[in-house]
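Look at the sequence and the model below before reading on.

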Amino acid sequence: MRTIRVTGKGNIKVRPDVTRVSIELSHTDKQYSEVLERSVKDTEAMKQLIVKLGFAKEDLKTVSFDIEEEYESYQDRNNNYRQRLKGYTYHHELKVEFDSDNDRLGNILYALGTSELKPEIHLSYTVKDPEAVKNKLLKKAIEDAKAKAEILSAAAGVKLIAIESIDYSWGEISFETQPMNRALKMDALCEAPVGAPLDIEPEDIESSDTVTVVWSIA
């Protein structure tokens, strides 16, 4: 059986409609148990803050959590440099997402910036229905593969018969844009007027994917 193999590429641009605020809490202490206890208290305080901003506790999601050892260098009696345990630091990365609204974003950032927790904040944008966007992207890739196959078969004087196989990686595609690559500065947020709206219009998210289709030909 004769076949023709064609790889199609789909490209898509989609407007982000969901704002994602990433929040990192951290604290260092000498004792592991104290650091762990502090992480629980800080997380609960952050949940309470989020609730005051109109979210449910469950809207605050954990992205990652770890406690790492902290070491410091010192000189022993022989002036040799050595390492000793200084303490422990917890890092808790959380996120909260909401329908994009610059007024609401301004309120959230001000509340976080003036909080005693002093979290590190990152801002990004994504889409509410990534599966729908992925399906559109896959459809475009299939259409591109079909168009290429029709051109190639016509040029070669053969006829497409039927699709024998479709090869698609099913890899994870991220639909996210970060207009601010660095963490937002807490001092600037604290100095801003209460609830000051932000004039942010994130650029469209561009993505692409490929699919390989094999046709039998005659």
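In the largest nonpolar core, which has 23 residues, V21, I23, M46, L60, L105 and L112 touch the most other members. The elements that give this core two or more residues are β2 (18–29), α1, β4 (81–99), α2 (102–113) and β5 (120–126). Another core, of 11 residues, lies apart from it and includes V127, V133, L137 and I173. A nonpolar core here is a set of buried Ala, Val, Leu, Ile, Met, Phe, Trp, Tyr and Cys residues joined through side-chain atoms within 4.5 Å. Buried means under 20% relative accessible area, exposed means over 50%, and partly exposed lies in between (1.4 Å probe, protein chains only). In soluble globular proteins, nonpolar side chains tend to be buried together.

This is a predicted model: local features need pLDDT of at least 70 and side-chain atom pairs count only at pLDDT 80 or more, while totals for chains, interfaces and linings use all residues. Residues are numbered from 1 along each chain as its sequence is written, and side-chain values use heavy atoms, with hydrogens and water left out.

Helices (H or I, at least four residues) and strands (E, at least two) are DSSP runs, numbered from the N terminus. Two strands pair if DSSP finds at least two bridges between them. Five strands, in the order β3-β4-β2-β5-β7, form an open sheet with antiparallel pairing. β3 (61–75) and β7 (176–177) are at its edges and have a single partner strand each, so one side of each is left without a neighbour in the sheet. The antiparallel pairing of β5 and β7 runs over two bridges, and T126 stands opposite E176 in β7.

A further open sheet has three strands in the order β1-β8-β6, again with antiparallel pairing. Its edges are β1 (3–14) and β6 (160–167); each has a single partner strand, so one side of each lacks a neighbour in the sheet. β1 pairs with β8 (residues 205–217) in the antiparallel sense over 12 bridges. Within this sheet, V6 stands opposite V213 in β8.

Which residue is found in the loop between α4 (186–191) and β8? That residue is D199. D199 is exposed, with a relative accessible area of 80%. The C-alpha atoms of D199 and V21 are separated by 16 Å, although these residues are 178 residues apart along the chain.

Finally, Y32 is in helix α1 (residues 32–52). Y32 is partly exposed, at a relative accessible area of 42%.
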